[in-house]
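Let's take a walk through a protein model together.

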Amino acid sequence: MIIVTLQREKCIGCNYCAEFAPEYFRMSKKDGKSVLLKTENKKGFYTLKIRNPEAFEPCEKAAKACPVKIISVKEI
């Protein structure tokens, strides 16, 4: 399983995450910040659990590309 976490409030809207992992990230039209799809805000963190092992590579690329380092990806 892969766990992806986003600290959305710190997002600067660079769009890298949506480019590298469009099946998991989108940019909000309201405020221009990243949205981790199918998640809810829990104390500033948005967390997604993914069972598909193929999700690791695009999500890891998004995390590494993020200039403010607000995306974490863990494989458990």
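Which residues does Tyr24 touch, not counting residues up to four places away in sequence? Tyr24 touches Val35, Leu36, Leu37, Leu48, Ile50, Ala55 and Cys59, where a contact means heavy atoms within 4.5 Å.

Before going on, a word about what you are looking at. This is a predicted model, in which local features need pLDDT of at least 70 and side-chain atom pairs count only at pLDDT 80 or more, while totals for chains, interfaces and linings use all residues. Residues are numbered from 1 along each chain as its sequence is written, and side-chain values use heavy atoms, leaving out hydrogens and water.

Now to the core. A nonpolar core is a set of buried Ala, Val, Leu, Ile, Met, Phe, Trp, Tyr and Cys residues joined through side-chain atoms within 4.5 Å. Buried means under 20% relative accessible area, exposed means over 50%, and partly exposed lies in between (1.4 Å probe, protein chains only). The largest such core here has 20 residues, and Tyr24 is among those with the most contacts inside it, along with Val4, Phe25, Leu36, Ile50 and Ile71. Strand E1 (2–6), strand E5, helix H2 (56–65) and strand E6 (71–75) each supply at least two residues of this core.

Follow E1 next. Five of its five residues are buried, so E1 is largely enclosed by the rest of the structure. From E1, Ile2, Val4 and Leu6 point one way, and Ile3 and Thr5 point the other way. Two strands pair if DSSP finds at least two bridges between them. E1 runs antiparallel to E5, with five bridges joining them, and E1 also runs antiparallel to E6, again with five bridges. Leu6 has Tyr46 as its bridge partner in E5 and stands opposite Ile71 in E6.

What about the cysteines? A disulfide is a pair of cysteine sulfur atoms within 2.5 Å, and the count by this rule is zero. The sulfur of Cys14 is 5.6 Å from the closest cysteine sulfur, in Cys66, which is too far for a bond. Cys14 is partly exposed at 29% relative accessible area, whereas Cys66 is buried at 6%.

Finally, visit two loops. Most residues other than glycine have a negative phi. Lys38, between strand E3 (34–36) and strand E4 (41–42), has a positive phi of about 60 degrees. Lys43, in the loop between E4 and strand E5 (45–50), has a positive phi of about 55 degrees. Lys38 is exposed at 81% relative accessibility, and Lys43 is exposed at 83%.

Conventions:
Helix = DSSP H or I, 4+ residues; strand = E, 2+ residues; numbered from the N terminus.
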